[in-house]
Each structure stands twice: as structure tokens, then as C-alpha cells.
Amino acid sequence: MSSKARVLIVDDEERFRITLNKLLAVKGLDVHNVGSGKAALEELGQRSYDIILLDVKMPEMNGIEALAEIKKIDPQVEVIILTGHASVDVAVEIMRLGGYEYLLKPCPIEELLEKVDAAFERKMDREKRMSKAAATRTGPAS
Amino acid sequence: MPEQSEVFTLISQRYVISLLIVAAAVPAWFTGGPLFVAGLLLIAWAAFLSTRHLVRQILRTNEQKCSLDQQLIQSQKLAAIGELSSGIAHEINNPLAIIGQEVEWVRHILKEEKVEDPQQMSELKESLFEIARQVDRCREITHKLLDFARKQEPLIQSVDVNRLVEDMARLVEREAISKNIKIVRSYNKDLPFVLTDSPLLRQVVLNLLNNATYAVGKDGEVTIETQMGENGCVNVLVADTGCGIPKEDLNKIFDPFFTTKPPGKGTGLGLSICHGIISRLGGRISVVSEVGKGSAFTIHLPGGERKGEA
């Protein structure tokens with residue numbers, strides 16, 4: 001299922017994002033990583049992604065601000081927040097902005113892979129439903 | 001020192017007593033004789049009783065005030081520690097995540113590339129396993145710290161405390177039986193429903209029950225009781241026949257990181273979290289303990305409502 005998912009990691013901790021990139025790539029995912037919210041927006045302007053793994057506490061543009069902008073560029077992308085800074089207020093805000101999941105670091109890799117799989121499955125289902133609905137609307141007139 | 005209002009109460013009551021003395025003494029003065037003496041003695045006795053009652057009341061009020069002050073200091077201390085420790089926990093989570101991932105990556109490399117010496121390979125795997133285990137241990141601490149510091153608003157609903165307590169008792173009973181620990185129940189059937197946060201209360205009761213069975217070890221009893229307390233409070237008592245808590249440790253048991261368990265067996269955050277939760281629910285936890293005889297923790301929950309009011 002997750003072998004074709006395109007994943008973007010957004011985290012200002014270089015070592016974290018590089019190793020996570022390698023770990024997800026060996027599982028068959030198409031992974032890229034960037035070090036800031038602004039870089040993520042630029043990347044989204046050039047390529048489309050299925051899932052974004054987003055940190056919250058980052059300089060210049062934090063994860064919540066980045067999430068709002070990401071959803072403006074691509075409302076369909078599934079965003080999983082992966083942060084060391086747990087807060088109920090932040091979690092609520094993330095869900096309100098359309099975030100898919102909220103995980104607290106350090107998160108076991110198996111748990112993260114499960115969430116990525118589930119998010120990708122949800123996105124594929126939604127896209128299937130949308131294309132089916134579009135086909136029904138534009139179907140041949142009798 | 002008595003409060004200003006208490007002093008006024010004392011003065012006004014003494015004023016009433018003085019008036020009574022005068023009111024009783026004036027007719028006795030005119031009649032004279034033994035009746036006069038008896039009247040004076042009666043009045044003196046009444047004044048003595050009244051003063052003694054007042055002094056006791058003042059002392060009791062002072063004791064209550066001291067206890068409330070101590071509770072306030074404890075809550076403020078826990079809040080300050082919570083804020084500090086959650087900041088530290090946040091900062092530690094990031095390096096922990098990196099260590100955990102590096103372990104996963106080295107494991108992956110080891111799967112791909114074989115190490116020639118089987119003993120070296122086995123030692124490498126063992127080391128990685130230990131690093132991962134210690135990361136999990138730190139993770140448990142930081143996540144519990146964040147739980148402890150979390151200022152989550154309780155979701156208040158009408159709760160059948162007896163049922164909630166029984167659910168938790170059943171949860172620990174299976175393991176308790178295997179250690180020959182008997183769970184003794186004593187529920188007040190007329191207990192009113194309580195307006196509280198059910199998952200939070202469940203967490204506290206479960207924590208106290210787990211602590212109680214741990215304290216007993218094996219061959220003993222854990223008693224769980226629900227009772228009506230003072231001022232309409234509903235009390236949940238969890239008592240054990242375990243090792244008990246030394247007197248010098250009693251005022252530290254709600255402090256974060258205070259534990260008597262061996263390293264790696266407990267974070268020392270359970271009771272701190274319980275204290276924080278019950279404070280948020282408007283109640284308090286009290287404890288009595290005797291070394292060698294056991295401990296009894298009581299959750300005092302405020303104001304119940306009559307059954308069926310929900």
C-alpha cells in the first residue's frame with residue numbers, strides 16, 4: 001500500500017529528517033525532506049505529495065502556520081504532525097486546520113509507518129471517490 | 001494567631017456572657033445569701049465552658065487553615081515543577097527521537113551487511129537492543145512528564161463512582177489473584193452520582209490500585225471502599241496490607257520523581273499525576289500509613305448528586 005506514497009519530511013533537525021528519510025525510503029516510500037516550513041511550501045509548488053510529516057517548533061514559520069499554508073496549496077495532502085512539544089491546544093488547532101494525525105516524538109518507527117499507511121489509504125479512497133463522482137457528472141448524455 | 005473575624009466573634013461572645021453574668025447577678029445581689037453564691041458559681045461555670053468551647057473552635061479553625069495552606073503550597077509546588085519539567089521533556093524528546101532512529105538505521109544496515117565474527121554480531125545486536133530499551137525508558141518518562149504538566153480541562157459528566165471503581169478493581173484482580181492478593185470490596189450502595197471526569201478518575205483509581213498491589217507484593221489484601229465523606233464529599237479509599245510508607249517519606253510521596261521502587265521500575269510520576277488530576281477535579285487525596293502494616297489512600301471528591309439526576 002505505502003510503496004507508492006510520496007512523503008515529504010519537514011523538520012529543522014537535520015539528523016532527524018535525514019535518518020527518517022532513509023528509514024522510510026528502505027520501506028519503499030518515495031521520500032524527500034526539507035528543513036523549514038518555507039522550504040516545504042516551495043517544494044509543494046514544484047511537486048505534489050501524498051503525506052507530509054511536519055514538525056511544530058521550527059524557526060521563522062512554525063508547523064501550525066505551515067499547515068495552514070500547505071492546506072491552501074494542496075487541500076488533499078494528508079499532514080501528520082510529528083513533534084516533541086505536546087500540547088492539547090496545539091493538537092486541537094492542528095485538527096481544526098485539517099491535520100490527519102498528531103504524534104509525539106520519540107515515536108517508534110512501526111507506529112509511524114502504520115499512520116503513514118493509514119493516511120495514504122485514506123487519501124487514495126478519497127481520490128477514488130472524487131474521480132468516480134467526476135466521471136458520473138461528465139458521463140455520456142443519454 | 002486567630003483571624004480578625006475570629007477575635008471579633010470571641011469578643012462578641014464574651015460580651016454576651018458578661019451581660020448574662022450581670023443579668024443573673026443583679027437579682028441575686030438583692031436577694032443575697034446562698035442563692036447569690038450559687039448563682040455566681042453557675043455563671044462562672046457557664047463562662048468557663050463557653051470560653052473553653054471558643055478556644056477549641058479557634059484551635060480547630062487554625063488547624064484547618066494550616067492544612068489548607070499546606071495543600072495550597074503542595075499544589076503550587078507541583079504546578080511550578082510541572083512547568084519546568086515539561087520544558088525539559090520537550091527538549092529531550094527531540095534528541096531521543098534521533099537516537100531511536102539511529103538504532104533503527106544501524107539495525108537495517110546489520111540486516112544487509114553481515115559481520116564476520118558471530119560474537120561481535122551478537123554483541124552489536126545486544127548493544128542496539130539496550131540502547132533502544134533505554135530510549136523507550138526515557139520516552140516513558142518524558143511522555144509522563146508531559147501528562148503531568150498537561151492543563152487539560154476536565155470533561156465533567158455524571159459518574160457512578162461504584163461502577164467506575166468496580167471496573168478498575170476487576171482490571172487489577174486477575175493479576176492480584178495470581179499473587180494471592182485478595183481484593184476486598186466495600187461499596188456504599190446509596191452513594192450519589194458525582195459530577196466529574198470519568199477517564200481521569202479512572203486513571204487515578206487504577207494507579208492507586210496498582211500501587212497497592214505492588215506494595216503488598218504477594219499474599220495480602222487490597223481493600224477498596226466507597227463512602228460518603230464530610231460536606232457531601234464522596235470518598236474512594238484504596239488500602240493495602242503492604243510494606244507501608246516511612247513517616248519521613250509521607251510528605252514527599254506526591255513529589256515528581258519520588259519513588260521507592262528500584263531503578264527502571266517506576267518513574268515516580270504516578271502519584272504526582274494523581275494529585276494533579278484530583279486537584280483539577282476539585283478534590284484532594286489524603287494518605288495514612290504505618291510501616292509494616294500498610295497504607296490507605298483516600299480520594300475526596302466534591303459534591304455528589306442524587307442517583308438518577310443525570
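Which charged end sits over the ring of Phe16(A)? Point 4 takes this up.

1. **Ground rules.** This is a predicted model: local features need pLDDT of at least 70, side-chain atom pairs count only at pLDDT 80 or more, and totals for chains, interfaces and linings use all residues. Residues are numbered from 1 along each chain as its sequence is written, chains are lettered from A and ligands numbered from 1 in the order in which they are written, and side-chain values use heavy atoms, with hydrogens and water left out.

2. **The interface.** Start with the two chains. In chain A, 20 residues are in contact with 17 residues of chain B; contact means heavy atoms within 4.5 Å. The area buried between chain A and chain B is about 1,800 Å². Carbon and sulfur atoms give 62% of that area. Buried area is the accessible area (1.4 Å probe) that two parts lose on being put together, summed over both.

3. Two salt bridges cross the interface of chain A and chain B. A salt bridge is a side-chain nitrogen of Lys or Arg within 4 Å of a carboxyl oxygen of Asp or Glu. Arg15(A) forms one with Glu102(B), with the closest N and O atoms 2.8 Å apart. On the side of chain A that touches chain B, helix H1 (14-25) and helix H5 (109-137) each supply at least two residues. H1(A) gives the largest share, six residues. Helices here are DSSP runs (H or I, at least four residues), and strands are too (E, at least two), numbered from the N terminus.

4. **A charge over a ring.** Now the opening question. The charged end belongs to Lys105(A), 4.2 Å from the centre of the Phe16(A) ring. The rule asks for NZ of Lys or CZ of Arg within 6 Å of the ring centre and within 35 degrees of the ring normal.

5. **Backbone points to check.** Most residues other than glycine have a negative phi, and most peptide bonds are trans. Lys105(A) and Pro106(A) are joined by a cis peptide bond, with omega about -10°. Pro106(A) lies in the loop between strand E5 (101-104) and H5 of chain A. Glu60(A) has a positive phi, near 70°. Its loop runs between strand E3 (51-54) and helix H3 (63-73) of chain A.

6. **Salt bridges overall.** How many salt bridges are there over all chains? The count comes to 22. One pairs Arg122(A) with Glu78(A), 3.0 Å from N to O. That pair links distant parts of the chain: Arg122(A) is in helix H5 and Glu78(A) in strand E4 (residues 78-83), 44 residues apart.
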